[in-house]
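Hi,

Here is the structure I promised to pass on.

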Amino acid sequence: MPFWDKLEDLLPPDIISSSQEEKYVYRTDSTKYKGEPDLVVNVTNQKEVLITVNFAAKNEIPIIPRGAGSGMSGGAVPVKGGIVLNFEKMNKILKIDKRNRIAYVQPGVVVSELQEKVKEMGLYYPPDPSSNKVATIGGTIAENAGGLHCVRYGVTSRYVKGLKFVDSTGYLYSYGIFSNKSLPGASILIGSEGTLGIITEIALELLDEPILKDTFISYHSSFMDAVDTVIKIKQTNIDPSVMEIIDNNALNAVTQFKDISLLEDTDTVLIIQLDSNLLPDLLYRSSELENLFKKLKILGYKKAESNDEAESIWDVRRAISSSIKRISPNKLNEDISIPVSEFPRITDLVRNIGEKYGLRIVIYGHAGDGNLHINILYDKDDKSEVDNTRFAAEEIFKSTVQLGGSITGEHGIGLSKKTFLSLQYSKDEIGFMKKLKKAFDPDLIINPDKIFNVQREN
Ligand SMILES: Cc1cc2nc3c(=O)[nH]c(=O)nc-3n(C[C@H](O)[C@H](O)[C@H](O)COP(=O)(O)OP(=O)(O)OC[C@H]3O[C@@H](n4cnc5c(N)ncnc54)[C@H](O)[C@@H]3O)c2cc1C
């Protein structure tokens, strides 16, 4: 008799599946990691979540919350089997309170759907991971996702005004705007990678939609020159809403497949966007930026004069990921976060590490907030390349931490960076995190074996 026969009596039959097809789909996320769920429960409302978590708690069965599975660190992978609690169908925008500028949503709402809906009302939800057309609000809260516009507007945590969540015993809590109590400690759920509790409803702050935008691409003869420009921009009040850096390896990949015109001798480009609702403000900041470009004597720059021109600038950024996939059978996409002032040193180190192991490494990312994507290109059928990729990644993480950075900027630790956690955190610090995990989840049923392994107290 399967363990879930009793659960079948408690839930609508069409939301439970143990079919091979469904188990196959939900065994992994956007990483190479794989598990084997025993059961998938496609929840549609809070009551079904409570019933399922209660059942899992009573029977000590692992329960793994899952959004869209776009995670880049294996967070939603059911490594210990158990129940995948799939939120894809719990996807209603419950209410948009325009006067107070708050959106109330279920966790399975796709980020871009919320963004489009609030845009119709002149409002704006800024956190925009590049995966926003698939990633869910629940997943982005669990990962505290960042994105292109976070240099000006901040990451997901800045917008969470309240949460409802279910703890490991199946008890429902509300905090923030959902309650008149602050519920100390509950905000720790944001960024906890689905290991402390299961989010069932979210209240998100909205801003006014910035309707005026200027988009620039600047051309630089070296990565250092581009970094220097980023640092100088940050010292002014230009306050860009996007500041992306793209290195020569990424540009080489993109130009192989896209007809993109770059200035001669371009090694690195920056894509910069300014936004505002006040024309004088935008004009002032744009002219400050142009003055700065001229003062710094960069190779050159272009300001988009139309939406089409802005789109063709964005095409360069959008084409990176698919172009890299076309020039290399496999890539390891590591995201590090490091003070911008250390970009030159980390880039030198990364390039040296690439040379040492004979690997091509592509660097691009959110330069404005210090989040770099380091893509190591390799062939998974070449064992020595696979090994070298792992060694190179470890050396890159070590260098990052030595320079005051973090081994992940936005993708999380999950499974993929578990073994590197001790590069950044001391034994005591990891011990402290484990104590928190045990306080929230003493029976270790919620998303077990993610971030670190914890032993159960007897
Ligand atoms: C092409 C691509 C581009 C990306 N770009 C970015 C980017 O720019 N910025 C960025 O930050 N990330 C980016 N990511 C990573 C990923 O999209 C984010 O981590 C996103 O937050 C994951 O959302 P998801 O709904 O897919 O969550 P999943 O992958 O399903 O799950 C992620 C984690 O959240 C937990 N979780 C999901 N739902 C809940 C819930 N209701 N309650 C508690 N825990 C829950 C899961 O257990 C898991 O640990 C990118 C991924 C891809 C594939």
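To start with the helices: is the crossing of α7 and α11 right-handed or left-handed? It is right-handed. Before you go further, bear in mind that this is a predicted model.

Some detail on that pair. Helix α7 covers residues 223-234 and helix α11 covers residues 343-357; their axes are 9 Å apart and the packing angle is about 155°. Angles over 145 degrees count as roughly antiparallel, so that is how α7 sits relative to α11. On the α7 side the contact uses F223, M224 and V227, while α11 brings F343, P344, T347, D348 and R351. Sorted by class, that gives five nonpolar, one polar and two charged residues.

α11 has another partner, helix α12 (residues 383-402). Here the axes come within 10 Å and cross at roughly 160°, so α11 and α12 are roughly antiparallel to each other too. This crossing is also right-handed. If you want to click through the contact, pick I346, L349, V350, I353, K356 and Y357 in α11, then N388, F391, A392, E395, I396, S399 and T400 in α12. The class count for this contact is eight nonpolar, three polar and two charged residues.

Now the sheet. Seven strands make an open sheet with antiparallel pairing, and the order is β15-β12-β14-β13-β17-β18-β16. From one strand to the next, the twist averages 15°.

Helix α9 (residues 279-296) lies across β12 (212-220), β14 (268-276) and β15, running at about 160° to β14.

Last, a hairpin. Strands β5 (residues 93-97) and β6 (residues 102-105) run antiparallel and are joined by four bridges. D97 stands opposite I102 of β6. Four residues lie between the two strands, and R101 takes a positive phi near 55° in this hairpin.

Cheers

Notes: Residues are numbered from 1 along each chain as its sequence is written. This is a predicted model: local features need pLDDT of at least 70, side-chain atom pairs count only at pLDDT 80 or more; totals for chains, interfaces and linings use all residues. Side-chain values use heavy atoms; hydrogens and water are left out. Axes are lines fitted to C-alpha atoms, for helices over the stretch in contact, and angles run from 0 to 180 degrees between N-to-C directions. Angles under 35 degrees count as roughly parallel, over 145 as roughly antiparallel, 65 to 115 as roughly perpendicular and the rest as oblique. A crossing is left-handed if the near helix is turned anticlockwise from the far one by less than a right angle, and right-handed if clockwise. Contact means heavy atoms within 4.5 Å. Ala, Val, Leu, Ile, Met, Phe, Trp, Tyr, Cys and Pro count as nonpolar, Asp, Glu, Lys and Arg as charged, and the others, Gly among them, as polar. Two strands pair if DSSP finds at least two bridges between them.
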